[in-house]
Amino acid sequence: NSPEFIPKRRTCRRQAREQSGEGDHHEGLSSDEELTPTEVDEFQKSKDNVLEDSRKIFEDVHADFCDIRKILLKFQEWKEKLPDSYCDAYISFCLPKLLNPLIRAQLISWNPLEQNFTELEDMPWFRAIEEFSDAEDVSES
């Protein structure tokens, strides 16, 4: 490859690596995805801010309405006490929309690409929904 075919940004990155003494770059591998230490720090600060803000989302909500298990227990009680009303309200269609914000808030910090991530099936909200679904199936049969 002659130098006129090498894009200018690649040349600039190569020159910057040579000046900084970085020796871990392998020619031919893309460095477009490489982040500078400053970018990594900015990303981590931004991520920490988002996580901190997410912890505050349900601060002012009564405990019965920010815990998926407690919410599902209320629906289970409704179904047992007033089955016709429960059925007429099409609750099975409403629950996903109702639980969506709670689940999304719990998944903000979840990263399946990390080595020690928690499987979805092992998360408390998943087990609560699974138990509710199993109880619903048993009561219908």
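Colleague: Hi! Is Arg55 buried or exposed?

Modeller: Arg55 counts as exposed, at 56% relative accessibility. Bear in mind that this is a predicted model.

Colleague: Okay, and which side chain does Arg55 meet in a salt bridge?

Modeller: That would be Glu52, with 3.2 Å from N to O. Glu52 counts as partly exposed, at 38% relative accessibility. The two sit three residues apart in helix H2 (residues 37-55), so about one helical turn separates Glu52 and Arg55.

Colleague: How many salt bridges does the count come to?

Modeller: Three salt bridges. One of them joins the side chains of Lys74 and Asp64, at 3.9 Å from N to O. Lys74 lies in helix H3 (residues 68-81) and Asp64 in the loop between H2 and H3, so this pair ties together parts that are ten residues apart in sequence.

Colleague: And which residue does Glu131 form a salt bridge with?

Modeller: Arg69, where the closest N and O atoms are 2.6 Å apart. That pair links distant parts of the chain, since Glu131 is in helix H6 (residues 124-140) and Arg69 is in helix H3, 62 residues apart.

Colleague: New topic: where in H5 does the kink lie?

Modeller: At Asn100, shortly before the proline Pro101, and the kink is about 40°. The end C-alpha atoms of H5 (residues 91-107) are 24 Å apart, which agrees with the 24 Å its 17 residues should span.

Colleague: Which residues in H5 are buried?

Modeller: Ile91, Leu95, Leu99, Leu102, Ile103 and Ala105.

Colleague: Last one: how many disulfides does the count come to?

Modeller: Zero disulfides. As for the cysteines, Cys66 is partly exposed at 25% relative accessible area, and Cys94 is partly exposed at 38%.

Methods: Residues numbered from 1 in each chain as written. Predicted model: local features only at pLDDT ≥ 70, side-chain atom pairs only at ≥ 80, totals over all residues. Heavy atoms only, no water. Disulfide = S-S within 2.5 Å. Buried < 20%, exposed > 50% of the residue type's maximum accessible area, 1.4 Å probe, protein only. Helix = DSSP H or I, 4+ residues; strand = E, 2+ residues; numbered from the N terminus. Expected span 1.5 Å × (residues − 1). Bend = angle between axes of the 7 residues up to and from the residue. Salt bridge = Lys/Arg side-chain N within 4 Å of Asp/Glu carboxyl O.
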